[in-house]
Amino acid sequence: FAESADGGFTSERHSMSLAELNTTGHSYALKLVCTGVDSSVAAGAHSTFMQNIEAQNLQHLQYGTANAKTITLSFWVKSNKTGTYCVAIEKPDSTAYRIPIEYSISSADTWEQKTITITPTAGSTSLITSAAGIITNDTGIGLTVRFALVVGSTYHGTNNTWGTSNVLATSNQVNWQDSTSNNFYITGLQLELGSNATPFEHLSYDEQIQK
């Protein structure tokens, strides 16, 4: 979690109702609640949550070569605040590149499944397919998947376009921290190789530990 706005938020584990389980196939979700209002977002403000992925687990993406692979992110999300939200993929290794991608929460308080495809040449760029696009084969951070809640203009970029700037969202990102009534739920996140989302891979505890 990262919070550098004038507002604030808390996180907790949400236990799904039977109806939510029936819709999403998941028993739990991450729940965020706005606890402090930021009614006028400063240029350098941002509130996000993220997942870092170890670099040595991403070598099959072949970033830094002409054969760099497409990846697909899928998840279930709901919020009482509708509008445009963004998720950014960050590649900090070697030369840092980032891509913000928009998605919409269309219906208030309703679980919606989202699928986002990230191509290595998004925005007609060649940053990821060039040598500087490499993900070093080590235990550092290879990619970060970063979901935006509030993002000031300093961190705005072009939708679905790889770039060199430190961007977290587009200018269309909603201000989720404009009311302490706002909530945000997310579950079933899966990042995988290829252009299509597959059913969520439920693993038992012992399988996960072995991996």
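Reply: Strands S6 and S7 pair in the antiparallel sense over 9 bridges. The model is predicted, so local features need pLDDT of at least 70 and side-chain atom pairs count only at pLDDT 80 or more, whereas totals for chains, interfaces and linings use all residues. Residues are numbered from 1 along each chain as its sequence is written, and side-chain values use heavy atoms, with hydrogens and water left out.

Me: Why are S6 and S7 said to pair?

Reply: Two strands (DSSP runs of E with at least two residues, numbered from the N terminus) pair if DSSP finds at least two bridges between them.

Me: What is the order of the strands in the open sheet, and which strands stand at its edges?

Reply: The sheet has 5 strands in the order S1-S4-S9-S6-S7, with antiparallel pairing. Strand S1 (2-3) and strand S7 (97-105) are the edge strands, because each has a single partner strand and one side of each is left without a neighbour in the sheet. Further inside the order, S4 and S9 are joined by 9 antiparallel bridges, and Ile-53 stands opposite Leu-143 in S9.

Me: How do you know whether S7 is mostly covered or mostly open?

Reply: Of the 9 residues in S7, 7 are buried, and the strand is mostly covered. Buried means under 20% relative accessible area, exposed means over 50%, and partly exposed lies in between, with a 1.4 Å probe and protein chains only.

Me: What makes the contact between Glu-20 and Lys-78 a salt bridge?

Reply: The term requires a side-chain nitrogen of Lys or Arg within 4 Å of a carboxyl oxygen of Asp or Glu. Glu-20 lies in helix H1 (residues 18-24; a helix is a DSSP run of H or I with at least four residues) and Lys-78 in strand S5 (residues 71-79), so the contact ties together parts that are 58 residues apart in sequence. The relative accessible area of Glu-20 is 10%, and this residue is buried; Lys-78, at 14%, is buried too.

Me: How many salt bridges does a search of the whole structure find, and which residue forms one with Lys-81?

Reply: The search finds 4 salt bridges. Asp-178 forms the one with Lys-81, with the closest N and O atoms 2.9 Å apart. Asp-178 lies in the loop between S9 (141-151) and S10 (183-193), and Lys-81 in the loop between S5 and S6 (83-91), so parts 97 residues apart in sequence are tied together. With a relative accessible area of 34%, Asp-178 falls between the two cut-offs and is therefore partly exposed.

Me: Why does the pair of Arg-146 and Glu-90 qualify as a salt bridge?

Reply: The closest N and O atoms are 3.6 Å apart, which is within the limit, so the name applies. Arg-146 belongs to S9 and Glu-90 to S6, so the pair links parts 56 residues apart in sequence. Arg-146 has 13% relative accessibility and counts as buried; Glu-90 is buried at 10%.

Me: What volume does the largest pocket have, and which residues are closest to its centre?

Reply: About 980 Å³ of space lies in the largest pocket. Of its 27 lining residues, Ile-53, Leu-189, Gln-190, Leu-191 and Gln-208 are the closest to the centre. Strand S4 (46-54), S5, S9 and S10 each give two or more residues to the lining. A pocket is an open set of points on a 1 Å grid where a 1.4 Å probe fits, with protein on both sides within 12 Å along at least five of seven lines; lining residues have an atom within 4 Å of a point. The volume is the space filled by probe spheres set on the points, which are joined across faces, edges and corners.
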